[in-house]
Amino acid sequence: MTRTKLFRLAFTVVPCFCSLALLTGASSPSAPEMPVIDITAKRFAFAPDKITLTKGKTVKLRIHSEDVTHGFFLRPLKLDEEIPAGQTIEVAVTPQEAGTFTLICDHFCGANHGNMNMTVGVE
Amino acid sequence: MKQTDRRSFLKIAGSSLGIGVLYSAYPAAHATGEAGDFFNTLGQSSGEKLTPFSFVQLSDAHVGFNGPPDPLGTKAFERAAEMINGLPQRPDLILFTGDLTHDTEDRDVHVQRMKQFQEISKRINVPVIKHVPGEHDAGLDGGALYREMFGDTYYSFDHRGVHFVALDNVTRAKPEVGAEQLTWLKKDLARFPKTAPIVVFTHRPLFDLRPDWEWFTSDGDDVMNVLSAYDNLTVLYGHIHRDDEHQTGSVHHYAARSLIFAFPDPNGVSGPRKPVPFDKDHPFKNLGIRTVAFNGMPQPGSAPLSIDDIELTAREFRGINGVQQLLRNSKV
């Protein structure tokens with residue numbers, strides 16, 4: 001096998017192993033997976049409009065803006081993020097307080113901005 | 001340094017017309033010591049004699065708004081203009097605390113709404129009208145169109161011994177003032193003694209009134225750290241479409257009602273905010289008159305201001321304006 005073929009093999013096999021490891025989580029088999037909740041922001045609503053979290057349990061929120069820049073604000077959970085237009089952000093949150101909260105878009109996004117919110121329950 | 005009587009500075013009395021709030025200021029009537037010296041200096045530099053005066057706060061006309069909570073359009077704003085012109089005591093100033101217009105992404109339409117606001121404003125027989133933007137005026141374009149039509153989004157001026165500061169907490173799209181404006185604010189106020197009478201007017205509350213309804217300013221604590229150094233400072237704001245009073249340290253905060261529709265008392269209401277439903281039998285309900293009177297030196301445990309509310313449809317005033325109205329009518 002020539003050096004070039006060896007190189008090609010390395011660039012074919014190694015990424016495959018890496019991808020497989022990422023997909024299966026095999027790179028850190030002992031670490032518990034952080035649950036992910038996908039949220040979409042689009043004028044003038046979040047989808048889903050209600051999520052439920054568990055007190056003391058960390059969860060990753062993956063928020064995507066489908067149109068303009070939105071805010072993602074909930075003071076009791078220390079959430080204060082900007083979601084740039086068309087982009088996705090991720091934020092980990094560990095609720096410390098049980099209750100039902102109203103999360104709002106606090107980046108002015110248009111006429112009905114004041115009604116853009118979602119309910120966050122913490123059990 | 002002499003101690004100066006608080007009541008020497010800012011006496012507030014007036015009528016909230018639902019349309020807003022009329023304030024009377026008597027800044028120099030009894031000023032002594034440091035404050036007296038300051039007033040004299042200010043008077044000499046501005047050329048203005050320090051005399052009592054009144055002003056009106058208006059807020060949230062949302063010109064161009066077309067939605068279910070209020071089918072009246074600009075009628076309340078127009079009624080407000082009429083009522084101000086009928087006040088027994090002509091105010092020196094109008095302070096408009098934001099949301100002059102309702103937002104639209106069509107620039108030409110927004111220009112028309114701003115022109116319509118200016119046309120109605122011109123009917124008010126008051127020589128000076130000052131504005132700050134609301135998020136519906138300036139939140140979508142960073143305040144570009146507002147600046148073209150109304151000028152700076154933050155500034156200050158002096159009037160008869162009172163220093164007025166217009167603060168902008170909307171043009172950054174988020175509810176915040178920002179570091180640049182905060183630096184300007186510190187510099188602007190640095191020349192004043194701590195006893196100077198100061199009125200700050202802005203759109204959103206500078207304290208956490210109801211953050212989940214976006215009734216707050218995220219860097220409001222930083223702003224209040226600057227403002228709380230002053231003993232006689234009043235903050236006037238809008239945004240919440242209802243009257244409200246709040247105190248942080250020595251600073252008093254007053255919200256004016258809107259000219260379009262009302263929001264409910266946030267206390268005891270959970271979940272998202274919803275407007276008070278329109279009452280066709282009482283179209284100006286919740287847009288009534290509020291009178292505010294300063295009672296002199298505040299006593300421990302008592303409020304320094306007394307408040308009186310009268311509906312927008314009222315033809316007669318109460319409080320100081322009522323007395324003045326009676327006196328004027330008795331001369332006829």
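## Contacts and fold of chain A

Two residues are in contact if their C-beta atoms, placed from the backbone, lie within 7 Å. By that criterion, 62% of the contacts in chain A with a separation of 6 or more join residues 24 or more positions apart. The model is predicted: local features need pLDDT of at least 70, side-chain atom pairs count only at pLDDT 80 or more, and totals for chains, interfaces and linings use all residues. Residues are numbered from 1 along each chain as its sequence is written, while chains are lettered from A and ligands numbered from 1 in the order in which they are written.

Chain A has one helix and nine strands, taken as DSSP runs numbered from the N terminus (helices H or I, at least four residues; strands E, at least two). Along the sequence the pattern is α-β-β-β-β-β-β-β-β-β. Of the 123 residues in chain A, 23% are buried (20 or more other C-beta atoms within 10 Å of the residue's own; exposed means 12 or fewer, partly exposed in between).

A:Ala98 lies in the loop between strand S7 (88–93) and strand S8 (99–104) of chain A. A:Ala98 is exposed because 12 other C-beta atoms lie within 10 Å.

Leaving out residues up to four places away in sequence, A:Ala98 touches A:Lys55, A:Val122 and A:Glu123. The C-alpha atoms of A:Ala98 and A:Val120 are separated by 10 Å, with the two residues 22 apart along the chain.

## Interface between chains A and B

Contacts between the chains involve 13 residues of chain B and 13 residues of chain A. The side of chain B that touches chain A has five nonpolar, three polar and five charged residues. Here Ala, Val, Leu, Ile, Met, Phe, Trp, Tyr, Cys and Pro count as nonpolar, Asp, Glu, Lys and Arg as charged, and the others, Gly among them, as polar.
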